[in-house]
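User: I'm new to reading structures and would like a close look at one part of this one. Could you walk me through the salt bridges and what surrounds them?

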Amino acid sequence: MKYTNEQYAEALFRAANEKAAAKQKEILRNFLLLLSRKGDFYRLPLVVQKFEKKYRAYNGINKVRVECPDGITSVVKKQIEKILGKKIVWEEKINPALLGGIKIIVNDDILVDATAKRQLDKIMPRSKV
Amino acid sequence: MSNIIDILQKEIEGFRQEIKAEKIGKVLEVGDGIAKISGLSEVASQEMLEFETDGGVVNGIAFNLEEDSVGAIILGDYKKIKEGNLVRHSGRVLSIRVGDKMIGRVVDALGQPQDGRGPIFTEKDEEIFFPVERVAPSVVMREPVNTPLHTGLKAIDSMIPIGRGQRELVIGDRQVGKTSIVIDTIINQGKDRRHPTPICVYVAVGQKESKVAKIVSTLKEQGAMEYTIVVSAPSSASASLWYLAPYAGTAIGEYFMHKGKDALVIYDDLSKHASAYRELSLLLRRPPGREAYPGDIFYLHSRLLERAAKLDKENGGGSLTALPIIETQLGDVSAYVPTNVISITDGQIYLEPELFYQGIRPAVNVGLSVSRVGSAAQTKAMKKVAGRLRLELAQFRELAAFAQFASELDESTRKRLTRGQILTEILKQGELEPISFDKQVILIYAGTNGYLDDVPVASVTETAAKLLDYIEKMHGKDVLNKIRESGELSADTEAKLKEAITEFKKI
């Protein structure tokens, strides 16, 4: 029987959620063997993505990736925490090419691009390749 | 320099900062001109996507909307895209900028100039965008095809007439003269004084750049680039550009059609277009069907060709005529894609290699060729003379097998064979030599009424040329001009024509 990525992720989450670490290791091993037996090993990246989403949604955690030309300040972090809640997994990247402003990606799904680079690109679009 | 600064200043002053939350995706896989993207949960089918890469923005189109991912084709250099790159959706479908300034230019499938003559439009030009994919005109917007589109080729204008707004397929094996027919058609549009010159769009799909360059050069020499646009997706371009080129060409033609003008779009050729779509579909893991084509291969061409139409006066009265070309393998017209396109179009011009090698060029098999619009798209003069032509050629073909027994046949059979051979010679025509319809009428009239029956078959071509020359010089006003202006062969003009031919024969 063919299973969708969503079904795999849901099954793994239910099996592994709130189990002891040693048990989770075993469950994960079994899961990988199952994928391999079913010939669905190539779908692992998408299954992991969905699993991650479920885990975060269950635990109320948001993954926030922030890019800015210099370091992110604690003031900005507090403002984001005010909107999204306290449980945030932060990923920070310094990217001088952005010139100014900030780029925030929430849960790999929503982007708020307030960088100077984006605004300049809108005024003067670079040659599209 | 100050002009550039003024423009930039206006952009900055008029600029409205817009920061909003938008749904994005991430590239999972990329390669061979396609990408698999996760996320983008609100993307629509055929929506334009923007890939953010280190080298700038690369555009793409959302093709496959799957449960966990989106499959997209990339319109640009896919090698610049990396796994993990962000993808935004633009909220719009692919459009091409159109305008009168495109005439005489060579562009790619995205409307970018390819002829090294700089940008097509300036900042002062009005920005008009036509969507590459568009719903065809409805039934109520159309009217029947009633104006001829003369190709300048005797065999076609007499027996397989094409009208403005029709779709006529040119089908045959490789190297039988399909492109020659369409190029002659383009050239003849500039010479047909009776009707307004249509804007011609020649779409080259998957052709050698040298061939496209030669075609452009030929059109320039003949003065045809003054009303022609070339859309080129050469063999070195990606499959996505091959796929888009015919739609882009149609969008350009529609711009002129909706302005009330006539347009002619030539797709050379749709076989390569089908194979490019097959390539993209297989890469995107769409289920293959017959001959590995995807299930919607018919829809690929039907939605393209349905956009050709003759609009009624309420909608501007413009027209878009389509001349698709299909290349068959070993004359197999019953293969998948050829039968699809035959069933979509309003007729076909079938070219045979056997006729080509016998020296009958254009190598049109008039028995298998048809125009479903027929004489509704013919001038009255041509209708008058062409009716007998078809019949006499059909009778000749039936008797052709007996030609080797010529000495043993009765008089009437021998006469039919001779007449058939003479008419076949009359219908032969050189490349890049389109003839106006009035001259065609004269030649066909002379042939079908027996005025050339006493001319040796080998001399018919030369005699016909001399006859035309004689009538042009001695009876240009009272015969040729009359036919050209009225489109009819009235009793009076016919009498003068008979007299002129008789005079010529005495010389």
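How many salt bridges does the count come to over all chains?

Analyst: Before we start, keep in mind that this is a predicted model. The count comes to 44 salt bridges over all chains. Here is the general idea: side chains of opposite charge can pair when their charged atoms come close. Let's take a few of them in turn.

We can begin with a pair that crosses between chains. The side chains of B:Glu52 and A:Lys103 form a salt bridge, with 3.2 Å from N to O. B:Glu52 belongs to strand β3 (residues 47–53) of chain B, while A:Lys103 sits in strand β3 (residues 101–106) of chain A. Both B:Glu52 and A:Lys103 are buried.

What about the strand that carries B:Glu52? In β3(B), 7 of the 7 residues are buried, so the strand is largely enclosed by the rest of the structure. You can check this face by face. On one side there are B:Glu47, B:Leu49, B:Phe51 and B:Thr53, on the other B:Met48, B:Glu50 and B:Glu52, and all of these are buried.

Now look at the strands beside it. β3(B) pairs in the antiparallel sense with strand β6 (residues 86–93) of chain B, over 4 bridges. Within that pairing, B:Glu50 stands opposite B:Arg88 in β6(B). β3(B) also pairs in the antiparallel sense with strand β4 (residues 56–65) of chain B, this time over 6 bridges. There, B:Phe51 has B:Val58 as its bridge partner in β4(B). The link from β3(B) to β4(B) is a hairpin through 2 residues.

Next come two salt bridges inside chain B. B:Arg142 and B:Glu306 meet through their side chains at 3.9 Å, N to O. This pair links distant parts of the chain, 164 residues apart: B:Arg142 is in the loop between β9 (128–131) and α2 (154–159), and B:Glu306 is in the loop between α7 (297–305) and β14 (319–327), all in chain B. How open are these two residues?

B:Lys384 is partly exposed, with a relative accessible area of 46%. B:Glu494, on the other hand, counts as buried because its relative accessibility is 17%, and the cut-off for buried is under 20%.

Salt bridges can also join up into a network. One such network links A:Glu6, A:Glu10, A:Arg14, A:Lys50, A:Lys54 and B:Asp68.

The elements giving two or more residues to the lining are α3 (178–189) and α4 (209–221) of chain B, and α3(B) provides the largest share, 6 residues. Sorted by class, the lining has 12 charged, 9 polar and 9 nonpolar residues.

Note on methods:
Residues are numbered from 1 along each chain as its sequence is written. Chains are lettered from A and ligands numbered from 1 in the order in which they are written. This is a predicted model: local features need pLDDT of at least 70, side-chain atom pairs count only at pLDDT 80 or more; totals for chains, interfaces and linings use all residues. Side-chain values use heavy atoms; hydrogens and water are left out. Ala, Val, Leu, Ile, Met, Phe, Trp, Tyr, Cys and Pro count as nonpolar, Asp, Glu, Lys and Arg as charged, and the others, Gly among them, as polar. A salt bridge is a side-chain nitrogen of Lys or Arg within 4 Å of a carboxyl oxygen of Asp or Glu. Buried means under 20% relative accessible area, exposed over 50%, partly exposed in between (1.4 Å probe, protein chains only). Two strands pair if DSSP finds at least two bridges between them.
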